[in-house]
Amino acid sequence: MSKVIDRLGEAAVNPDAWRDIMDDICKAVGASAALLLQSDIRTPDVPRTESIDEGTQFYFRNNWHLKDPRARGFPRMMAGEVVTDLDVMTLEQIRSDPMYNEVLFPFGYRWFAGIGFWADTAAWALTIQRTGREGMFETRDKQLLAQLAPRLTETATLATAVGRVALTSMIDVLSHVRQPALVLNREGMVLRTNEVADCGFDDEIRIRERRLVLRDKQAMTKLDQLISLIRSTPDAIAIPASPILIRRTTKPPVVLRILPVDGAARSVFLGARAVLILSNLVPRAAPDPALIGQAFDLTRAEARLAALLATGASIDSASEHLGISRETARNHLKAIFSKTGAHRQSELVTLVSQLA
């Protein structure tokens, strides 16, 4: 067991290490399978040994996680006790219990032991399963497993802290290039936003009760579908989602794209599942009108108009901002097209933006 305890540190920085470590724990105590479960939020995407993959999927698919009789032992686990089936049920109750007969026995499992630990402030348990041939957990087995509890808490709390730092660094890098971003957990709740995103939220795109809310109903429907995909897609698989176009009333549209969460930020204890990028949420930085005028030999009025158009402003809003008529703005635009060689406003924006 000491070798297993020494390996736990790997899982603090590499979430993928949990499966191998739990395999080693099973070997050390003569068990067949193990998985991690959170006390209040149960999802099928939890670290587990390969041996219990099919059983875990069946367990969650049929909502046994909501009515598992062994959950009665969770308070005792969190108090430091290694809890087994016989600590919460009698042999007669085990033989007649629906979950044992429909979930555990058909997959070959009979005996259970649970070790409680903390991941920061969240309560978790390492649950270990034995077959009938391997036998029930005895006092000696419980004493051996009890050695894991403090180290599991240490590892899980460290993994949570490391994951938060990695996650914050990830979206802060995007902030430095003026890219609005936010992070969702498995339930579609917002875990983090970066500074640029915070500056861009308004009545049409905002965070309400830790959820991203869009006024564009069609885009909101697609976002709900994306969150359903996040909930149902295993952590190890990329989420197959197309970009979502979010139309706004008076501002240019926003394109929402999804990126995966990798490395230490993917810690199961943190729950981060996807990074959302909101392109065009905030206005582009306007190039210096003087520089634009110098580059393309524009008049001062033409250069000011070109700078505004480069931020994504429409010709109408730009003319209003400059205090000129729409017709005057169109005449300036024609002159700008002639001097820059652009034929459409989108070409002009691309050309001028390169000077920003």
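This is a predicted model: local features need pLDDT of at least 70, side-chain atom pairs count only at pLDDT 80 or more; totals for chains, interfaces and linings use all residues.
1. Strand β3 spans residues 109-119, and nine of its eleven residues are buried, so the strand is largely enclosed by the rest of the structure.

2. Strand β3 pairs with two other strands. With β2 (residues 83-84) it runs antiparallel and is joined by two bridges; in this pairing T84 stands opposite A113 of β3. With β4 (residues 122-131) the pairing is likewise antiparallel, and ten bridges connect the two strands.

3. T43 belongs to the loop between β1 (33-38) and α4 (53-61). Its relative accessibility is 10%, and T43 therefore counts as buried, the limit being under 20%. Leaving aside residues up to four places away in sequence, T43 touches F60, R186 and E187. T43 and T56 are separated by 13 residues in sequence and by 10.0 Å between C-alpha atoms.

4. T340 is part of helix α16 (residues 326-340). With 15% relative accessibility, T340 also counts as buried. A polar atom of its side chain lies 2.8 Å from the backbone oxygen of I336, and the T340 side chain reaches the backbone nitrogen of A342 at 3.3 Å. Beyond four places in sequence, T340 is in contact with F296, L348 and L351.

Conventions: Residues are numbered from 1 along each chain as its sequence is written. Side-chain values use heavy atoms; hydrogens and water are left out. Helices (H or I, at least four residues) and strands (E, at least two) are DSSP runs, numbered from the N terminus. Buried means under 20% relative accessible area, exposed over 50%, partly exposed in between (1.4 Å probe, protein chains only). A polar contact is a pair of N or O atoms within 3.5 Å; within protein, one must be able to donate a hydrogen and the other to accept it, and residues adjacent in sequence count only if both atoms are side-chain atoms. Contact means heavy atoms within 4.5 Å. Two strands pair if DSSP finds at least two bridges between them.
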